[in-house]
Amino acid sequence: MKNPNDGFIRGRLRSVTFALKGMWLLITTEDSIKAQLFFGFLATCLGCYFNISMTEWMFQCLVIGIVLVAEALNTAVEKVADFIHPDYHKKIGFIKDIAAGAPAFAALISLIIAGIIYLPKIIAIL
């Protein structure tokens, strides 16, 4: 919550604190984020092994970030939906399914980009 006594700098620092707390909560409580962090780490290791270009690093980091953001937003929507209506409800289920589609799209795009980056390198080894 915004504190009216906070100046600009103090307000920004409080915002960063809340953001870091949110990241920590995601990392420590959500299996989907843990899985995506693992795959991001794996992709980073592959990037180091194959010595990918700066442009490839840029795209890889971008899609890792997009997948993590999509997972975080999906988690937030699910938590809000569960808070509003803890029991099963058809409309809440529909909303949660749509929210789950966002990280699925992001993951699919990340797999396509990983294929574009790594398949030529793997084929060259074979």
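These legends go with close-up views of a predicted model.

**View 1. Helices H2 and H3, side by side.** Here H2 (residues 31–50) runs along H3 (residues 54–84), with axes that come within 10 Å and cross at roughly 175 degrees. An angle over 145 degrees counts as roughly antiparallel, so that's what we call H2 and H3. On the H2 side, look for residues including Ser-32, Gln-36, Gly-40 and Cys-48; across from them, H3 brings in Trp-57, Ile-64, Glu-71 and Thr-75, among others. Sort the H2–H3 contact by class and you get nine nonpolar, seven polar and one charged residues.

View 2. Skip its neighbours within four places in sequence, and Val-67 is in contact with Gln-36, Ala-106, Ala-107 and Ser-110. Take Ala-107: it's 40 residues from Val-67 in sequence, yet their C-alpha atoms are 5.9 Å apart.

**View 3. Phe-38 and Phe-39, ring to ring.** The structure has three aromatic pairs. In the Phe-38/Phe-39 pair, the ring centres are 5.5 Å apart and the planes meet at 65 degrees, so this one is edge-to-face. Phe-38 is partly exposed, at 47% relative accessibility, and Phe-39 is partly exposed at 47% too.

View 4. Phe-50 belongs to H2 and Tyr-118 to H4 (residues 90–125), so the pair links parts of the chain 68 residues apart. Both Phe-50 and Tyr-118 are buried.

Key
Residues numbered from 1 in each chain as written. Predicted model: local features only at pLDDT ≥ 70, side-chain atom pairs only at ≥ 80, totals over all residues. Heavy atoms only, no water. Axes fitted to C-alpha atoms, helices over the stretch in contact; angles between N-to-C directions. Helix = DSSP H or I, 4+ residues; strand = E, 2+ residues; numbered from the N terminus. Parallel < 35°, antiparallel > 145°, perpendicular 65-115°, else oblique. Contact = heavy atoms within 4.5 Å. Nonpolar A, V, L, I, M, F, W, Y, C, P; charged D, E, K, R; others polar. Phe/Tyr/Trp six-rings, centres within 6.5 Å; stacked < 30°, edge-to-face > 60°. Buried < 20%, exposed > 50% of the residue type's maximum accessible area, 1.4 Å probe, protein only.
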